[in-house]
Amino acid sequence: MERTGIFVGSFDPFTIGHDSIVRRALPLFDRIVIGVGVNEHKQTMLSAEERTAAIERLYKDEPRISVQTYSDLTVDFASRVCAQYIIKGVRSVKDFEYEREQADVNRQLTGIETVLFLAEPQLASISSSVVRELQHFGKDVSQFLP
């Protein structure tokens, strides 16, 4: 059976921290589907199409990675793409507690497992919200983007 994992988030923007998680997870899975979450109640800097296109360009030479948008529950998205695992990155204890709660609920709902990757220490302070804030004030954020 093919091992498929989904890596989901708003990815506004997709950072070098996100890229690190995907590249570290790839040896464990036959296929990774990156799910770009669309939440109509959340203000984003980039459109879903722009976020998806940027991620597709990044992995254009890796056939085991695909990118899709989704706007429903993560477990429903996982079911649609036949994923058995949810891939998540954890930067802090706060992140861990949140992801643990989500993993417990998702497992109770569907039996899907969540695989957590600890952020590389040098990337732990990088988040999409920090990058957006720096961009807002006109700072060069290229070092934080793949």
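How many nonpolar, polar and charged residues does the lining of the second largest pocket have, by class? Point 5 gives the reply.

1. Basis of the note. This is a predicted model, in which local features need pLDDT of at least 70 and side-chain atom pairs count only at pLDDT 80 or more, while totals for chains, interfaces and linings use all residues. Residues are numbered from 1 along each chain as its sequence is written, and side-chain values use heavy atoms, with hydrogens and water left out.

2. Salt bridges. Side chains of opposite charge can pair when their charged atoms come close. The structure holds twelve salt bridges (a side-chain nitrogen of Lys or Arg within 4 Å of a carboxyl oxygen of Asp or Glu). One of them joins Arg-31 to Glu-2, at 3.2 Å from N to O. Because Arg-31 lies in strand β2 (residues 31-37) and Glu-2 in the segment before β1 (4-9), this pair ties together parts that are 29 residues apart in sequence. Helices (H or I, at least four residues) and strands (E, at least two) are DSSP runs, numbered from the N terminus.

3. Exposure of the paired residues. Buried means under 20% relative accessible area, exposed over 50%, and partly exposed in between (1.4 Å probe, protein chains only). Arg-31 is partly exposed at 23%, as is Glu-2 at 43%. Lys-60 and Asp-61 form a salt bridge at 3.7 Å, N to O; Lys-60 is exposed at 63% and Asp-61 is exposed at 65%. Between Arg-80 and Asp-72 the closest N and O atoms are 2.5 Å apart. A network of salt bridges links Glu-97, Arg-100, Asp-104, Arg-107 and Glu-113.

4. The largest pocket. On a 1 Å grid over the protein atoms alone, a pocket is an open set of points where a 1.4 Å probe fits, with protein on both sides within 12 Å along at least five of seven lines; lining residues have an atom within 4 Å of a point. The largest pocket has a volume of about 1200 Å³ (the space filled by probe spheres set on the points, which are joined across faces, edges and corners). Its lining comprises 46 residues, with Val-8, Gly-9, Ser-10, Lys-88 and Glu-99 nearest the centre. Helix α4 gives the most, nine residues.

5. The second largest pocket. Its volume is about 170 Å³. The lining has nine nonpolar, no polar and one charged residues; among its members are Phe-11, Leu-46 and Arg-51. Ala, Val, Leu, Ile, Met, Phe, Trp, Tyr, Cys and Pro count as nonpolar, Asp, Glu, Lys and Arg as charged, and the others, Gly among them, as polar.
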